[in-house]
Amino acid sequence: MKLLLVNNLSLRLLARLQDVFTGSQHVAYLGLDAVDDAVVWQYALEHDYCIVTKDADFNDLSVVRGSPPKVLWLKIGNCSTHQIETLLRQHVLDIQQFIHNPHGSILVLI
């Protein structure tokens, strides 16, 4: 289960989550940190990633384009990297079910 973390998430989060989300990446490490959201969307689609974000932009793309890729939207406001890590770890099973469900396109965690 691979996650693609976008710019509004810390690079440090990637290393902290490798044990539960093996193969995940951050857009900055892929050279996608300064590109349009549509380019990130296409990359996630072509490489089987679930996009993880804290803003509505990818939610909007998902409404227009559908799934895949799937979008994990963290509606948690300003918080620490540790708090985001904790949230994702608490919902590992929910995230796994979401990614494997052919009908879901957006999962919102609050």
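N59 is buried, with a relative accessible area of 13%. The model is a predicted one, and N59 is found in helix α3. Apart from neighbours within four places in sequence, the contacts of N59 are V71, W73 and I106.

Helix α3 spans residues 57–65, and its buried residues are F58, N59, L61 and S62. These residues lie on the same side of α3, because they cover an arc of only 160° around the axis. An α-helix has 3.6 residues a turn, so residues three or four places apart point the same way. The face of α3 turned away from the buried side carries V63 and V64, which are exposed. On the buried side, the packing partners of α3 are α2 (37–47), β3, β4 and β5.

The pairing with α2 can be described geometrically. The axes of α2 and α3 come within 11 Å and cross at roughly 65°, and this crossing is right-handed. From α2, the contact is made by D37, A38, V40 and W41; from α3, by D57, F58, L61, S62 and R65. By class, five of the contact residues are nonpolar, one is polar and three are charged.

In soluble globular proteins, nonpolar side chains tend to be buried together. The largest nonpolar core of this model has 19 residues, and those with the most contacts inside it are L72, L74, L88, I95 and L109. At least two residues of this core come from each of β1 (3–5), α1 (12–17), β3 (50–53), β4 (71–74), α4 (81–90), α5 (92–100) and β5 (106–109). A second, separate core has 12 residues, among them V27, L32, V40 and W41. Two of these, V40 and W41, also belong to the α2 side of the contact with α3.

With neighbours within four places in sequence left aside, L74 is in contact with L9, V52, T53, K54, I84, L87, L88 and L109.

### Helices α4 and α5

The buried residues of α4 are T81, I84, E85, L87 and L88. They share the same side of α4, since the arc they cover around the axis is only 160°. The elements covering the buried residues of α4 include α1, β4, α5 and β5.

In α5, the buried residues include V92, I95 and F98. Why do they fall on the same side of α5? They cover an arc of only 125° around the axis, which places them there. The opposite face of α5, turned away from the buried side, carries the exposed residues L93, Q97 and H100. Among the elements that cover the buried residues of α5 are β1, β3, β4, α4 and β5.

F98 lies in helix α5 and is buried, with a relative accessible area of 8%. F98 and V71 are 27 residues apart along the chain, and their C-alpha atoms are separated by 9.6 Å. Beyond neighbours within four places in sequence, F98 is in contact with C50, K70, V71, G104, S105, I106 and L107.

### Backbone exceptions

Most residues other than glycine have a negative phi, and most peptide bonds are trans.

Just after α3, G66 takes a positive phi of about 80°.

D48 also has a positive phi, of about 60°, although D48 is not a glycine. Where does D48 lie? D48 is located in the loop between α2 and β3. Is D48 buried or exposed? The relative accessibility of D48 is 62%, and D48 therefore counts as exposed, the threshold for that class being over 50%.

Conventions. Residues are numbered from 1 along each chain as its sequence is written. This is a predicted model: local features need pLDDT of at least 70, side-chain atom pairs count only at pLDDT 80 or more; totals for chains, interfaces and linings use all residues. Side-chain values use heavy atoms; hydrogens and water are left out. A nonpolar core is a set of buried Ala, Val, Leu, Ile, Met, Phe, Trp, Tyr and Cys residues joined through side-chain atoms within 4.5 Å. Buried means under 20% relative accessible area, exposed over 50%, partly exposed in between (1.4 Å probe, protein chains only). Helices (H or I, at least four residues) and strands (E, at least two) are DSSP runs, numbered from the N terminus. Contact means heavy atoms within 4.5 Å. The arc is that of the directions from the helix axis to the C-beta atoms. Axes are lines fitted to C-alpha atoms, for helices over the stretch in contact, and angles run from 0 to 180 degrees between N-to-C directions. A crossing is left-handed if the near helix is turned anticlockwise from the far one by less than a right angle, and right-handed if clockwise. Ala, Val, Leu, Ile, Met, Phe, Trp, Tyr, Cys and Pro count as nonpolar, Asp, Glu, Lys and Arg as charged, and the others, Gly among them, as polar.
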